[in-house]
Amino acid sequence: MALFSAEHLAFLFGLLGNVISFLVFLAPMPTFYTIWKRKSSEGFQALPYSVAFFSASLLLYYAFLKTGAFMIITINGIGCFIETVYLLIYIIYAPKKSQLFTIGLVLICNVGGLGLVMLVSLLAFHGASRVTLVGWICCILNLAVFAAPFSIMRRVIKTKSVEYMPFTLSFFLTLCATMWFFYGFFINDYYIAGPNILGFLFGIAQMILYFVYKNAKKDDGKLEPTKNIEKNLSLEEAKEVEIVTK
């Protein structure tokens with residue numbers, strides 16, 4: 001008799017995934033503290049947080065359809081709340097043009113996009129086929145989000161600087177992808193497990209790049225001014241956070 005059943009292992013990895021995902025959801029807090037302190041979100045972008053909100057909302061809907069997916073419900077419910085707070089802070093302190101753009105983005109992605117998925121799945125599909133449809137949409141969205149590190153890795157190679165790619169964040173995102181892969185594997189949910197294989201591979205690639213370039217001489221001619229580096233770093237960190245929403 002096995003010491004741990006698949007159900008026990010799924011619970012363990014799901015719990016660890018929840019804890020690590022929660023910590024990564026909190027990663028942009030310094031960025032929003034800066035926005036609050038400056039009373040301005042100028043120089044930052046809302047797109048990563050809107051995408052994270054959409055991803056968490058979609059996975060939350062998938063979990064409710066699937067039934068019994070408590071681990072997915074908890075982290076994505078928390079994720080929706082945190083991303084909503086981030087977006088509200090951004091909108092409050094954004095210039096008028098950015099406010100309108102962000103509100104439009106939320107309406108298109110989180111109201112229109114999610115609403116369309118729910119409408120089509122509820123009206124045109126039934127039973128297991130409904131879960132399959134939403135599962136595939138979640139899978140495709142997560143695969144697209146996992147491709148985001150390409151831009152960060154390209155920047156690291158171009159500038160020979162790891163300022164744009166903090167090792168700690170890459171490590172925790174890799175760890176997070178590992179936890180959710182095994183959770184999906186043990187509950188036989190390959191819509192959850194599948195994308196995290198790519199997340200794990202990208203995470204390993206980022207950490208390898210970090211060790212390759214951490215002591216490399218920076219190409220100052222290709223670096224942006226310090227002020228812009230700080231802003232771009234915050235943006236890139238925020239982009240990476242979206243990967244963990246499972």
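In which helix of the chain is confidence lowest, and in which is confidence highest? The mean pLDDT is lowest in helix α10 (residues 226-241), at 44, and highest in helix α4 (residues 70-93), at 93; pLDDT is the predictor's confidence in each residue, from 0 to 100. This is a predicted model, in which local features need pLDDT of at least 70 and side-chain atom pairs count only at pLDDT 80 or more, while totals for chains, interfaces and linings use all residues. Residues are numbered from 1 along each chain as its sequence is written, and side-chain values use heavy atoms, with hydrogens and water left out.

Over the chain, the mean pLDDT is 82, and 85% of the residues reach 70 or more. Across residues 219-245 pLDDT stays under 50, and for this stretch the model has 59 contacts beyond four places in sequence; a contact means heavy atoms within 4.5 Å.

The chain has ten helices and zero strands. Of the 246 residues, 45% are buried, where buried means under 20% relative accessible area, exposed over 50%, and partly exposed in between, with a 1.4 Å probe and protein chains only. Among contacts with a separation of 6 or more, 80% join residues 24 or more positions apart.

The chain exposes about 12500 Å², and carbon and sulfur atoms supply 73% of that area; accessible areas come from the Shrake-Rupley method with a 1.4 Å probe, and for residues only the protein chains shown count as cover. On this surface, F11, L15, V19, F22, L23 and I78 form a nonpolar patch with about 530 Å² of accessible area together. Patches are made of residues with over 30% relative accessible area and no salt bridge, with like charges joined within 9 Å and nonpolar side chains (Val, Leu, Ile, Met, Phe, Trp, Tyr) within 5 Å. Helix α1 (residues 6-25) gives the largest share of the patch, five residues. F22 lies in helix α1 and is partly exposed, with a relative accessible area of 33%.

Helix α5 (residues 96-124) holds T102, which is buried at a relative accessible area of 0%. The T102 side chain reaches the backbone oxygen of S98 at 2.8 Å. Beyond residues up to four places away in sequence, T102 touches A46, L87, Y90 and I91.

N110 also lies in helix α5 and is buried, with a relative accessible area of 9%. Setting aside residues up to four places away, N110 touches S50, F53, F54 and L105. The side chains of N110 and S50 are joined by a polar contact of 3.4 Å. Such a contact is a pair of N or O atoms within 3.5 Å; within protein, one must be able to donate a hydrogen and the other to accept it, and residues adjacent in sequence count only if both atoms are side-chain atoms. N110 and S55 are 55 residues apart along the chain, and their C-alpha atoms are separated by 8.9 Å.

How many salt bridges does the rule count? The count comes to one, a salt bridge being a side-chain nitrogen of Lys or Arg within 4 Å of a carboxyl oxygen of Asp or Glu. D189 forms a salt bridge with K66, and the closest N and O atoms are 3.3 Å apart. D189 lies in the loop between α8 (167-186) and α9, and K66 in helix α3 (residues 47-66), so the pair ties together parts that are 123 residues apart in sequence. D189 is buried, at a relative accessible area of 2%, whereas K66 is partly exposed at 26%.

The loop between α8 and α9 also contains N188. N188 has a positive phi of about 60 degrees although it is not a glycine, and N188 counts as exposed at 55% relative accessibility. Most residues other than glycine have a negative phi. K39, in the loop between α2 (29-38) and α3, likewise is not a glycine and has a positive phi of about 60 degrees. K39 is partly exposed, with a relative accessible area of 46%.

Helix α9 (residues 190-213) includes Y191. Leaving aside neighbours within four places in sequence, Y191 is in contact with Y62, T132, G135, W136 and C139. Y191 and C139 are 52 residues apart along the chain, with their C-alpha atoms separated by 5.3 Å.

Notes:
Helices (H or I, at least four residues) and strands (E, at least two) are DSSP runs, numbered from the N terminus.
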